[in-house]
Amino acid sequence: MIYAIIAVILIIIILFCYCQNNIIDTTRYNLDFTHTNKDFKIVHLSDFHSKPFKKVIEKIKNEKPDIICITGDFINDKCKNKDKMLCYGKELISIAPVYYITGNHERRLDNFDSLMQELSKIGFNVLQNEIAETEFCTILGMDENQADFDDYKARRNGTFVYKDMSQYFKELEKSDKFRLVLSHFPENFEGIKELNYSQYDFELQLSGHAHGGQWIMPFIGPLFSPGQGVFPKYARGSFGKHPVMIVSRGLGNSEFPLRLFNHPEIVVINVKQQ
């Protein structure tokens, strides 16, 4: 009898863990801005970590977005499922134009340059500290390259030096369209003192990296994020008024294999003229 009870408990735990990692939430934001010429819809995806979610494709098709933004860690630092993810990327492109930036995982790869070429070849707009013009907005895609393992040690020691990205923001500020920033690292929005991104004149920043804090505990909130440590502030949701930052909880997992009370997330943003 005791073995049967243990078996039932184990099955319940396994099913619970599976659901925590595979039930996909869609989080919606309706944002009104004066600095936009027309209404449009963004689907924001982040941190697949080489997991080709089929359910995500169907959900995005139903949304009919004008653009899709991927804020890094599309492929993990082992280059797992590379060919599957390239095929997956083609499916995303068949829905809407895809604007992609690198995360810390891609940046660790020895084949980084060739991978960027492959992503460009399938149709991704790969932005590495570059600006892209679309019908709806001007997009600045950041390539911060700031999360090597040595960088994490430097942050812990208080010796990490952030890059000055002001030249790219000053170029972005010249646009008379809606100005969108893609940055893998949400803490760069207002958490890095004089180099923070929130000081610049743009409308919206999309970020990922924090995985929602991996575990979101009731009454406590997100528990941990690389680069922010325990109880991270910038793990999910929206921050600021002008500019606004929206942080995706992401879709896949990194070294730690389990999400808890933190389902994978698709972010849908309806940008409207005020």
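The model is predicted. An open sheet of 6 strands is part of the structure, and a search of the whole structure finds 16 salt bridges. Helices α3 and α5 pack against each other at an angle of about 35°.

**The open sheet**

- The 6 strands of the open sheet follow the order β1-β16-β2-β3-β4-β5, and their pairing is mixed.
- The edges of this sheet are β1 (25-33) and β5 (125-126); each has a single partner strand, so one side of each is left without a neighbour in the sheet.
- Strand β16 covers residues 265-273 and pairs with β1 in the parallel sense, over 9 bridges.
- Within that pairing, R28 has V268 in β16 as its bridge partner.
- Helix α2 lies across β1, β2 (40-45), β3 and β16. The direction of α2 is at about 170° to β2.

- Strand β8 spans residues 178-182 and is mostly covered, with 5 of its 5 residues buried.
- F178, L180 and L182 point one way from β8, while R179 and V181 point the other way; all are buried.
- Strand β7 (residues 137-141) runs parallel to β8 and is joined to it by 5 bridges. L140 has V181 in β8 as its bridge partner.
- Strand β9 (residues 204-207) also runs parallel to β8, and 3 bridges join the two. L180 has L204 in β9 as its bridge partner.
- Strands of a sheet pair through backbone hydrogen bonds, and the pairing may be parallel or antiparallel.

**Packing of α3 and α5**

- Helix α3 is made of residues 82-93 and helix α5 of residues 112-122; their axes are 9 Å apart.
- The crossing in which α3 passes α5 is right-handed.
- On the α3 side, the contact residues are K82, L86, G89, K90 and I93. On the α5 side, they are L115, E118, L119 and I122.
- Sorted by class, this contact of α3 with α5 has 5 nonpolar residues, 1 polar residue and 3 charged residues.

- Side chains of opposite charge can pair when their charged atoms come close.
- One of the salt bridges is between the side chains of E91 and K54, at 2.8 Å from N to O. The pair links distant parts of the chain, 37 residues apart, with E91 in helix α3 and K54 in helix α2 (residues 54-63).
- Another salt bridge joins the side chains of E58 and K61, at 3.8 Å from N to O. Both residues lie in helix α2, 3 residues apart, which is about one turn of the helix.
- E58 counts as partly exposed, with 47% relative accessibility, and K61 also counts as partly exposed, with 38%.
- A further salt bridge is formed by the side chains of R108 and D77, at 2.9 Å from N to O. R108 is in the loop between α4 (104-107) and α5, and D77 is in the loop between β3 (67-71) and α3, so the pair ties together parts that are 31 residues apart in sequence.
- R108 is buried because its relative accessible area of 18% is under the 20% limit. D77 is buried as well, with a relative accessible area of 16%.

**Residue I68**

- I68 lies in strand β3 and is buried, with a relative accessible area of 0%.
- Not counting residues up to four places away in sequence, I68 touches V43, L45, I60, L92, I95, A96, P97, V98 and Y99.
- I68 and F202 are 134 residues apart in sequence, and their C-alpha atoms are 19 Å apart in space.

Methods. Residues numbered from 1 in each chain as written. Predicted model: local features only at pLDDT ≥ 70, side-chain atom pairs only at ≥ 80, totals over all residues. Heavy atoms only, no water. Axes fitted to C-alpha atoms, helices over the stretch in contact; angles between N-to-C directions. Helix = DSSP H or I, 4+ residues; strand = E, 2+ residues; numbered from the N terminus. Left-handed = near helix turned anticlockwise from the far one by under 90°. Contact = heavy atoms within 4.5 Å. Nonpolar A, V, L, I, M, F, W, Y, C, P; charged D, E, K, R; others polar. Salt bridge = Lys/Arg side-chain N within 4 Å of Asp/Glu carboxyl O. Buried < 20%, exposed > 50% of the residue type's maximum accessible area, 1.4 Å probe, protein only. Pairing = 2+ DSSP bridges.
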